[in-house]
Amino acid sequence: MSTSLRHRLRGPAVACLAASCALLLAACGSEQKETTTTSARIAPAQTTATGGPTATSSASASPSGSASPRLTDDQAERQRLVPATKVTWDKAVQTAVATVPQGKLVETELAWAPPNATASGSATASASASPSEGAGARTPAWHTSVATADGTLHDVWVDGVSGKVISDRPDADQDAEDKQELADRLKRTTVTPEQAVQTATQDDKGTVTAVELDDDAWSVDVVDTSSWDKTTYEVSTTERRVLRQEVDRD
């Protein structure tokens, strides 16, 4: 075969071979691109099917940063006790004071009624033989100390749900000196417990859980039912003004 003929045949063959290679490379590139695209598309579905967490699900499963802080033991106790109480401090005091002739309030505090609280022999207490059953196994009650004119204390429990007297007993731990000291303190006190509470709560609209007569002040406990903190106000026994206050966040 002549040289010119070989050149003429080789040219088309080379061109054909180059075209075939180009088509083959294009096909491979397209297949690879399709495989990559498909793999990227089905990868999240495969991850979800196997139960593995995705970035989105992990973020939504995390706890909210605005979650309420954990309550202390005392705050949690207030949270249980205060809402369970249906009788306010003043209504309980009225009932307790009425059981003692010429009685005056010395102290009242919201607490759980003791399991052994039973009615005393007085006519008023006999009407309520046991703590209210409506509040469940634990009954809220107002533990109140009421004094006669000579300073004799009576220990009175008033049901925090029914408002009835659970028990009324004289304080057996007092001696003559204790009675005289208490009688003198009551005579010096010109601010009533109701006035003391009004003074303490004029800027604090929480729930009153305790009122106590100290040497020179009425101590008033007020619970904030949004945070369950307790603020104690000391109000002068001779002037309607706050002497001190302290917040208990425990």
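Helices here are DSSP runs of H or I with at least four residues, strands are runs of E with at least two, and numbering starts at the N terminus. This is a predicted model: local features need pLDDT of at least 70 and side-chain atom pairs count only at pLDDT 80 or more, while totals for chains, interfaces and linings use all residues. Residues are numbered from 1 along each chain as its sequence is written, and side-chain values use heavy atoms, with hydrogens and water left out.

The sheet comes next. Its eight strands form an open arrangement in the order β4-β3-β2-β1-β5-β6-β7-β8, with antiparallel pairing; two strands pair if DSSP finds at least two bridges between them. At the edges sit β4 (165-170) and β8, each pairing on one side only. Direction ignored, neighbouring strands are turned by 20 degrees against each other on average. Helix α3 packs on this sheet, touching β1, β2, β5, β6, β7 and β8, and its direction makes about 115 degrees with that of β1. Contact means heavy atoms within 4.5 Å; axes are lines fitted to C-alpha atoms (for helices, over the stretch in contact), and angles run from 0 to 180 degrees between N-to-C directions. The buried residues of α3 are Gln75, Ala76, Arg78, Leu81 and Val82, where buried means under 20% relative accessible area, exposed over 50% and partly exposed in between, with a 1.4 Å probe and protein chains only. Their cover includes β1 (104-112), β2 (140-147) and β5 (207-213).

Six of the seven residues of β3 are buried, so β3 is largely enclosed by the rest of the structure.

Helix α4 (89-98) has two sides to it. Trp89, Ala92, Val93 and Ala96 are buried. They cover an arc of only 100 degrees around the axis, which puts them on the same side of α4; the arc is taken from the directions from the helix axis to the C-beta atoms. Gln94 and Ala98, on the other side, are exposed. What covers the buried residues includes β1, β2, β3, α7 (193-200) and β5.

The loop between α4 and β1 holds threonine 99, which counts as buried at 15% relative accessibility. Its side chain reaches the backbone oxygen of alanine 96 at 2.6 Å. Glutamine 102 lies in that loop between α4 and β1 and is exposed, with a relative accessible area of 69%. Its phi is near 50 degrees, a positive value in a residue other than glycine. Tryptophan 228 likewise has a positive phi, near 65 degrees, but this residue lies in the loop between β6 and β7 and is buried at 9% relative accessible area.

Methods: A polar contact is a pair of N or O atoms within 3.5 Å; within protein, one must be able to donate a hydrogen and the other to accept it, and residues adjacent in sequence count only if both atoms are side-chain atoms.
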